Amino acid sequence: MSPEKYKVAIVVDPSTKDISIGEETKKERPSSSAMSFTGVFAAISYMASAVLLVMFNKAALSSYRFPSANVITLLQMLSACLILYVMRYFKIISFNNDKSKSEHNKNLFTLVSTKRLFQTIPLAFTYLFYMLVTMESVRNINVPMYTTLRRTTILFTMIMEYFISGQKHSVLIIFSVGIIILGAIIAGIRDLSFDSYGYGLVFTANICTATYLALISRIGKSSGLNIFGLMWCNGIICIPFLLLWTSLKGELEAMLSFPHLYSIGFQVVICLSCMLAFMINYSVFLNTTLNSALTHSICGNLKDLFTIALGWLIFAGLPFDWVNVMGQALGFTGSMFYAYFKYKGM
């Protein structure tokens with residue numbers, strides 16, 4: 001049955017997901033709202049900063065042979081919290097959605113109330129668990145198959161959006177997602193070497209990613225924290241656990257004995273990596289809040305395609321396979337369909 005059209009004002013209540021039409025209230029139909037220009041900017045900002053971050057992380061880990069990716073993640077989180085603290089201290093930003101209201105029962109150390117901090121614990125722990133599982137999965141499965149399985153995050157995101165926030169999507173959106181997943185399967189079809197442990201880790205990472213993205217908008221609304229507040233709480237909760245993890249694994253000792261630690265070039269790469277990490281974390285929250293968790297997952301696929309294309313153009317010696325190219329092209333086509341349908345509100 002085709003959806004009804006109304007010529008009266010429609011008001012959406014974000015907390016109940018109800019649509020008020022005059023004096024009548026109807027449940028919201030599958031989401032088909034068009035992307036705003038701000039939403040498009042948020043999506044492009046995420047993809048641009050993500051591609052650049054991959055390059056600088058690659059330079060640190062491969063060109064300089066830095067031994068620990070977890071230490072880089074720790075430095076990025078510390079830098080983000082430092083930037084947020086300075087901006088908050090000079091009142092450039094606020095951690096609340098309503099800037100006119102002061103923070104009651106504010107903890108002098110955390111800068112937010114204990115209640116709000118506890119509300120963000122599921123978000124922070126999901127992100128922390130995702131990082132640890134992702135690092136382990138990369139070690140236990142080949143890169144083509146890892147990339148293929150990670151792209152199924154889109155499907156997990158749609159499922160988690162439905163169960164966490166009741167979000168539904170149109171047939172055209174589901175069709176475009178199906179094309180993306182089919183393209184990912186074709187791209188990795190030559191590397192279908194089954195490894196139950198590796199597959200299990202990647203799918204666990206997919207569930208964590210989908211849950212994390214779906215929780216961002218929900219916890220932001222329930223806690224009253226804005227994007228900066230969520231980033232701050234995420235950092236101060238995760239840093240102690242990540243610090244403990246890197247200490248137990250001896251990664252901090254390895255960093256102190258790293259031969260290029262005081263090299264200007266290495267320090268510039270790390271500083272730029274930390275700055276880009278702050279930008280990408282902000283754009284993740286902004287993109288998910290303004291658009292949706294599914295849109296962010298699609299942007300992640302597009303980002304991977306651009307990164308692969310740059311790798312083929314910049315780095316020599318990379319394997320070229322027409323089946324892989326066909327799969328990548330199909331995935332890109334699906335992403336373009338999604339972007340068009342979402343922008344038009346179909």
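**Before you select anything**

Because the model is predicted, local features are given only where pLDDT is at least 70 and side-chain atom pairs count only at pLDDT 80 or more, while totals for chains, interfaces and linings use all residues. Residues are numbered from 1 along each chain as its sequence is written, and side-chain values use heavy atoms, with hydrogens and water left out.

**The whole chain**

Start with the protein chain in a cartoon view, where 13 helices and three strands can be found; helices (H or I, at least four residues) and strands (E, at least two) are DSSP runs, numbered from the N terminus. Of the 346 residues of the chain, 45% count as buried, where buried means under 20% relative accessible area, exposed over 50%, and partly exposed in between (1.4 Å probe, protein chains only). Among contacts between residues at least 6 apart in sequence, 79% join residues at least 24 apart, a contact being heavy atoms within 4.5 Å.

**The largest nonpolar core**

Next, select Leu84, Phe95, Leu123, Tyr212, Ile216, Trp232 and Phe285, which touch the most other members of the largest nonpolar core, a set of 50 residues. A nonpolar core is here a set of buried Ala, Val, Leu, Ile, Met, Phe, Trp, Tyr and Cys residues joined through side-chain atoms within 4.5 Å. To see where this core comes from, colour α1 (37-63), α2 (69-89), α4 (121-140), α6 (153-165), α8 (196-223), α9 (227-248) and α11 (264-290), the elements that give two or more residues to it. The largest share, 11 residues, comes from α9. Apart from this core lies another, of 12 residues, which includes Ile72, Val269, Ile270 and Cys274.

Stay with Leu123, which has its place in helix α4 and counts as buried because its relative accessibility is 1%. Leaving aside neighbours within four places in sequence, Leu123 is in contact with Tyr212, Leu215, Ile216, Ile219, Leu230, Asn234 and Phe285.

**The cavity**

Rolling a probe the size of a water molecule over the atoms shows where empty space is left. A search of the whole structure finds one cavity of 30 Å³ or more, and the volume of the largest cavity is about 100 Å³. A cavity is, on a 1 Å grid over the protein atoms alone, a set of points where a 1.4 Å probe fits but cannot get out, and lining residues have an atom within 4 Å of a point; grid points are joined across faces, edges and corners, and a volume is the space filled by probe spheres set on the points.

Select Met77, Ala80, Leu84, Tyr127, Tyr212, Met231, Asn234, Gly235, Asn281 and Phe285 to show the lining of the largest cavity, to which α2, α9 and α11 each supply at least two residues. By class, this lining has seven nonpolar, three polar and no charged residues, with Ala, Val, Leu, Ile, Met, Phe, Trp, Tyr, Cys and Pro counted as nonpolar, Asp, Glu, Lys and Arg as charged, and the others, Gly among them, as polar.

Now move to Asn206 in helix α8, which is buried because its relative accessible area is 0%. Beyond the neighbours within four places in sequence, Asn206 is in contact with Leu149, Arg150, Thr152, Thr153 and Phe156. Thr211 is also found in helix α8 and counts as buried, at 17% relative accessibility; not counting residues up to four places away in sequence, Thr211 touches Thr126, Met160 and Ile164.

**The salt bridge**

A search of the whole structure finds one salt bridge, defined as a side-chain nitrogen of Lys or Arg within 4 Å of a carboxyl oxygen of Asp or Glu. Select Glu251 and Lys249, whose closest N and O atoms are 3.6 Å apart. Glu251 counts as buried, at 11% relative accessibility, whereas Lys249 is partly exposed, with a relative accessible area of 40%.

**Two loop residues**

Finish with Arg65, found in the loop between α1 and α2, which has a positive phi of about 55 degrees although it is not a glycine and counts as exposed at 67% relative accessibility. Lys91 lies in the loop between α2 and α3 (114-119); this residue, not a glycine, has a positive phi of about 60 degrees and counts as exposed at 72% relative accessibility.

Note on methods:
On a 1 Å grid over the protein atoms alone, a cavity is a set of points where a 1.4 Å probe fits but cannot get out, and a pocket is an open set with protein on both sides within 12 Å along at least five of seven lines; lining residues have an atom within 4 Å of a point.
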